Amino acid sequence: MAIPQGQPSIDEVKASVDAALDTLQSSLRGLNHQIWSNPELGYQEYKAHDTICDFLEKQGFDVTRHAYGLDTSFEVTSGSGGRLINFNAEYDALPAIGHACGHNLITTSSVAAFLALSAILKQYGIPGRTQLLGTPAEENGGGKAKLIDEGAYKGVDISLMAHAGPKKLFPGVAEEGIGGVLMNARKEIHCEFTGKSAHAGGNPWEGVNALDALVTSYNNVAVLRQQLQPDERVHCAFLDTPKVANVIPSYTKAYWQVRSPTLKGLNKLMVRVRNCIEAGALATGCEVKIVEDQLYTDIKINDTLCDRYQSHMARYSRSVLKSHDKVMTGSSDIGNVSYILPTLHTMFGIPAADGSFPHHPTFASAAGTDDAHEEAVVVGKSLALIGWEMLTDNKLYEKTKTQWEISIRE
């Protein structure tokens, strides 16, 4: 790739990135360990929020705590003029199994990237800005969607982040990471069934059974599963059900997660699942209240950003697949960001036990190791180099933006 006249070579920039983070290795490891050791659920990440903000302030940055109306979000920016590069830090955990999705490593890589890009912008006096955004509640809560609504990404030109996974992310893929991974669009359906109570032994015919409505709707979806596309998913949790058996229940409550590889496919599947729920109410004579919530879109893959990630990871002797056409059937609210600006959401491999995968208890242990930390820092360096290119190479940026504009019209 041609180097714009008067700018340092990418090898010189890489050396500066390495030097900027060399003196922070111990403190970055401490930050990572603190988050991993104190797992907190979405919108309850108070320790993580304070730990990260304290760390950044010790590095001399002015941090906006509780940013954009969210108690556990934060924002810090550096640089001046030019385009704005965003890095996203996730730090929520899962109930009972802690950081089994490795969000402590997402924070580590994004903090490292922000620190490195901030340092080299200052060192070389290049116009450009970078933003580190604390994005709570990715697992369940849609923190990024709320931040979008509150204007957190306004003015951002490129968004970058990376998610850890096992080195064997897909069958037959032996690379140490993947630049672009397709993920499902997802939305929730919350439903409440209302019937009429009666004595289950004395006069059951006078009752209208809300449990029957819930179970019937569940069975309707179970029948529907045979007709789902291979990468589509429907999950359900019963939230409020009867506690005794001798009363016809008048109320039940549940919520569903519906997933499909594309937003268009999700919208079609949502109609079918909703029909199954409404049919349960109709069959039993109950009323049903349905609320749709927490849309996570699919991720718009950007070929140029994936290519640059692959190239920079190779500089650190990591073999990375540029992208993969197999859908990883999980979902993330970074998809919502990818619909409003060019976005990179990579997957990087860490050592993990055979069969370990995000959301499995063994992955929490893998995410806390020194080896996993080392990989997260390498990824952060690579993200910083992408940020540098997006700020300094106008042709490369315009190519990235054009690809994104085409992708959202598809």
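Author: One definition before the close-up: helices (H or I, at least four residues) and strands (E, at least two) are DSSP runs, numbered from the N terminus. Also keep in mind that this is a predicted model.

Let's start with Ala96, which lies in the loop between strand E3 (84-89) and H4. Its phi is near 75 degrees, a positive value in a residue other than glycine. Is Ala96 buried or exposed? With a relative accessible area of 89%, Ala96 is exposed, because anything over 50% counts that way. Gln294, though, has its place in strand E12 (residues 287-296).

Which residues of H1 are the buried ones? They are Ile10, Val13, Lys14, Ser16, Val17, Asp18, Ala20 and Leu21. In an α-helix there are 3.6 residues a turn, so residues three or four places apart point the same way. H1 (residues 10-22) also passes a simple length check: at 1.5 Å a residue its 13 residues should span 18 Å, and its end C-alpha atoms are 18 Å apart, which agrees.

Lys14, from that buried set, has its charged end over the ring of Tyr316, 4.4 Å from the centre.

Ile350 is another buried spot worth a visit. This residue is found in strand E14 (residues 343-350), and at 1% relative accessibility Ile350 counts as buried, the cut-off being under 20%. Leaving aside neighbours within four places in sequence, its contacts are Leu105, Ala164, Gly165, Pro166, Lys167, Phe363, Ala366, Ala367, Ala372 and Glu375. Val181 is 169 residues from Ile350 along the chain, and their C-alpha atoms are separated by 16 Å.

For contrast, take Thr64, found in strand E1 (residues 64-65). Thr64 counts as partly exposed at 42% relative accessibility. Apart from residues up to four places away in sequence, Thr64 touches Ser73, Phe74 and Glu75. Thr77 is 13 residues from Thr64 in sequence and 9.2 Å from it in space, C-alpha to C-alpha.

Now step back to the whole chain. The domain assignment gives domain 1 (10-184 + 298-408) and domain 2 (185-295). Their C-alpha centres lie 37 Å apart. The contact between the domains takes 14 residues from domain 1 and 14 residues from domain 2.

For residues 188-280, the unreviewed UniProt entry has the annotation "domain: Peptidase M20 dimerisation". That span is 35% helix and 31% strand, and its end C-alpha atoms lie 18 Å apart. Ser197 lies in the loop between strand E7 (185-194) and strand E8 (198-199). It is partly exposed, with a relative accessible area of 41%. Beyond its neighbours within four places in sequence, Ser197 is in contact with Gly207, Val247, Ile248 and Ser250. The C-alpha atoms of Ser197 and Ile277 are separated by 21 Å, with the two residues 80 apart along the chain.

Last stop, the aromatics. Rings pair if their centres lie within 6.5 Å, and planes over 60 degrees apart count as edge-to-face. By this rule there are five aromatic pairs. One joins Tyr218 and Phe238: the ring centres are 5.7 Å apart and the planes at 90 degrees, so the pair is edge-to-face. This pair links distant parts of the chain, with Tyr218 in helix H6 (residues 210-224) and Phe238 in strand E9 (residues 233-240), 20 residues apart. Tyr218 is partly exposed, with a relative accessible area of 34%, and Phe238 is partly exposed at 38%. Ring pairs also bring in Trp256, giving a cluster of Tyr218, Phe238 and Trp256.

Terms used
Residues are numbered from 1 along each chain as its sequence is written. This is a predicted model: local features need pLDDT of at least 70, side-chain atom pairs count only at pLDDT 80 or more; totals for chains, interfaces and linings use all residues. Side-chain values use heavy atoms; hydrogens and water are left out. UniProt positions are given in the numbering used here, feature names are shortened, and annotations may be inferred rather than shown by experiment. Rings of Phe, Tyr and Trp (its six-membered ring) pair if their centres lie within 6.5 Å; planes under 30 degrees apart count as stacked, over 60 as edge-to-face and the rest as tilted. Buried means under 20% relative accessible area, exposed over 50%, partly exposed in between (1.4 Å probe, protein chains only). A charge sits over a ring if NZ of Lys or CZ of Arg is within 6 Å of the ring centre and within 35 degrees of the ring normal. The expected span of a helix is 1.5 Å times one less than its number of residues. Domain bounds come from an automatic or database domain assignment. Contact means heavy atoms within 4.5 Å.
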